[in-house]
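This report describes selected local and domain-level features of one protein model. The sequence and the structure are shown below.

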Amino acid sequence: MSAAAREAFGGEPTGRQIEALKVALNTPDIALIQGPPGTGKTRTIAALQARLSEIAEDTDGVSGRYLLTSYQHDAVENVASATQVFGLPAIKVGRKRGQTEESDGFERWRQERVDAVRAKLAAADELPASEALRRCRDLAVGYLHAPSRAEDVAGLLTAVREIAAPHVPPGVTDRLLELAQRLRSSAAPHGDADPDVEQAIKAVRGLRCSQAAFSDDGDSQARKALRRLQRLSVVTQEEEALLERAASWDIDVPPDFLPALAELQGALIDRLTPDERPNSAPMVSEDVEHALGSTIDALREAVRSSRGGVEAVLHEFLDDLDNDRSGTRDAVERYTVVLAATCQQAVGYQMSLLKGENNVFETVVVDEAARANPLDLFIPMALAERRIILVGDHRQLPHILDQEIESDLDSDVSAKTQEMLRTSLFERLFAQLRERERADGIKRTVTLDVQYRMHPVLGDFVSDTFYAPHGEGFSSGRPPGDFAHNLTRYDSAVAAWVDVPIGHGAERRGQSKSRGSEAKWIANEAHRLMTERPELSVGVISFYSAQVNEILRHMEPLGMTEQLEDGALRIHDSWRTTRSDSGKLTERLRVGTVDAFQGKEFDVVLLSMTRSNDIAADQPKLLRRKYGHLMLENRLCVAMSRQKRLLIVVGDSGMLTGEQAAEAVPGLVRFLKLCGGDHGVQLHA
């Protein structure tokens, strides 16, 4: 086991994980890895990519050597984000319709590199001359393109001086300091305003411009204004003559010059009041331009005479990572060993641009292979040159069929044909390859057998309920203490049933079911849990899309969801992400159907049962009408295996009584019993 593979596993791998690597590396054609929930399928794929690259027989054309693929974008992004080979992430080729940003592991890889390089450079004593030159040149170009106010230019010169000081002669930095001080001096306010001007303004404001006011002391106010204005030499002869006439008015006849005096008052106030508006268009200063040019010339000389070194390279690398994301991504795309795409986009236009006519891969790895229908799965399989690795779990969600085909299956074909069409190619190959193993002795299938996702009690429940009956049971690899949740109401329980009897409202019937009483309780409880423990992630799962919408609707008044322009509801930004125990940014809240949760995990899961009716299922045909999707074991398996610390099922426990319930929904009946034991709790809504 190499160091890179061990790092991909995140620790010491299990015996079955090591066996899975050996089987995948040594298969002459196809290998299948079955991974029950939480057994490390994604980590195994990442370790496999690392080992494949290490044992490659040649190093020519290593870029794009391996293909990671899956049936849907979410699954591709999930596995691609966990893969790194030779220090480069897998790059996803192609996007969802309407998607504007890539969601593979590149951005996380970029940010990790930025943090690592910054930490390395923080220990350096000073900037290399080449980095000082780059930074000063950027500041100079910014100034020349957009000159600003004097105080801002002074700040720019100070910054340039501090950056350049270790590498240029003192005379250069002295000139920068002198200019900065001069600009600050010119920008500073020049003390108090001229007292003569202030006195003149007061006198002008005191001019009496109405008949009543002028008859009181108009002449004396005019003389005062005239005397103070004459000291400043700011009035014309015509204006001075008007003020003299007003100052000498001593008869009882109303003066005829009051309108002209009012107009003069306004003009003088405007004239005497200083203009405090900033300059509308600052100009480039020749002195500043010359000083910046001299500094850059001195830095260029310093670069020519320096040896460069590791720090200079790291600074350049950091600049590219920070300021040229698209260019960095393009470079990684050209050199990465692993490309990722959906099954159909593996032969799309974007992939053809990268691979050219030789669109084949040494190894093709298909994740969630049990969910891809045969036609989609054959596309990437046909691109494999050396080996095909199918990773999945046929006990979880089945392959996707068109809804019209599913409807036709229910009414037009025999039960045997239905079973054949609903059986995934992965499941068929799993059985066939086991038969071939017995024939030629070459191991081609492995089932991972240790889960690390959830509390051991919940792991045992999932194993015993969904896998052990098929001889595929698994154990748990982490102690119970790793999964404490410390949530009030649940104490130390890891399994909870919240009873919402039919008296609180039955299911709302239709093509997709919903139940308002369940939805309201779940919305309120999710809000309470996430307020009490903001660092915990919460998944809310329903078997019906109508119930998902109902839950989102009840979350809106709580501020957890928001309405988009088209009327749809989505999780509010403030509830979208949180930090995990390891400090990584993770999804905080997700609300969706079971299909949206395969491959996902959350600290706490709230599962809405939704079905609540009084249908008397006294005939086998009526069981489907009464229980619907709850009878699909693979969907129930996924829904009840996404939690890490606590699984809360919310529903009508009255639906789980009697022999018919034990036959139709044994998993839910078994879970209700678990909630009544030492590790569970039963509550009432």
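## Basis of the description

Helix axes are lines fitted to C-alpha atoms over the stretch in contact, and angles run from 0 to 180 degrees between N-to-C directions. Helices (H or I, at least four residues) and strands (E, at least two) are DSSP runs, numbered from the N terminus. Contact means heavy atoms within 4.5 Å.

The model is predicted: local features need pLDDT of at least 70, side-chain atom pairs count only at pLDDT 80 or more, and totals for chains, interfaces and linings use all residues. Residues are numbered from 1 along each chain as its sequence is written, and side-chain values use heavy atoms, with hydrogens and water left out.

## Domains

The domain assignment divides the chain into domain 1 (3-90 + 336-452), domain 2 (128-190 + 280-306), domain 3 (195-272) and domain 4 (464-684); such bounds come from an automatic or database assignment. The centres of domain 2 and domain 3, taken over C-alpha atoms, are separated by 52 Å.

## Helix packing

Helix H6 (residues 129-145) packs with helix H14 (residues 310-323) at an angle of about 35°, and their axes are 8 Å apart. H6 contributes Ser130, Glu131, Arg134 and Arg135 to the contact, while H14 contributes Ala312, His315, Glu316 and Asp319. Of these residues, one is nonpolar, two are polar and five are charged. In this classification Ala, Val, Leu, Ile, Met, Phe, Trp, Tyr, Cys and Pro count as nonpolar, Asp, Glu, Lys and Arg as charged, and the others, Gly among them, as polar.

In helix H15 (residues 325-335), the buried residues are Thr328, Arg329 and Val332. Because these buried residues fall within an arc of 100° when seen down the axis of H15, they line one face of the helix. The arc is that of the directions from the helix axis to the C-beta atoms. An α-helix has 3.6 residues a turn, so residues three or four places apart point the same way. The buried residues of H15 pack against S4, strand S5 (91-92), helix H5 (106-122) and H14. Buried means under 20% relative accessible area, exposed over 50%, and partly exposed in between (1.4 Å probe, protein chains only).

## Glu507

Glu507 is found in the loop between strand S12 (495-499) and helix H22 (516-532), and is buried, at a relative accessible area of 8%. Its side chain reaches the backbone nitrogen of Ser612 at 2.8 Å and makes a polar contact with the side chain of Asn613 at 2.9 Å. A polar contact is a pair of N or O atoms within 3.5 Å; within protein, one must be able to donate a hydrogen and the other to accept it, and residues adjacent in sequence count only if both atoms are side-chain atoms.

Leaving aside neighbours within four places in sequence, the contacts of Glu507 are Lys513, Ser514, Arg515, Thr610, Arg611, Ser612 and Asn613.

## Arg386

Arg386 lies in strand S8 (residues 384-392) and is partly exposed, with a relative accessible area of 37%. A polar atom of the Arg386 side chain lies 2.9 Å from the backbone oxygen of Thr27. Beyond neighbours within four places in sequence, Arg386 is in contact with residues including Leu25, Pro28, Asp29 and Phe361.

## Residues with positive phi

Phe86 is not a glycine, yet has a positive phi of about 55°. Phe86 occupies the loop between strand S3 (84-85) and strand S4 (88-89) and counts as exposed at 56% relative accessibility.

Asn486, although not a glycine, has a positive phi of about 55°. Asn486 lies in the loop between strand S11 (475-476) and S12 and is exposed, with a relative accessible area of 58%.
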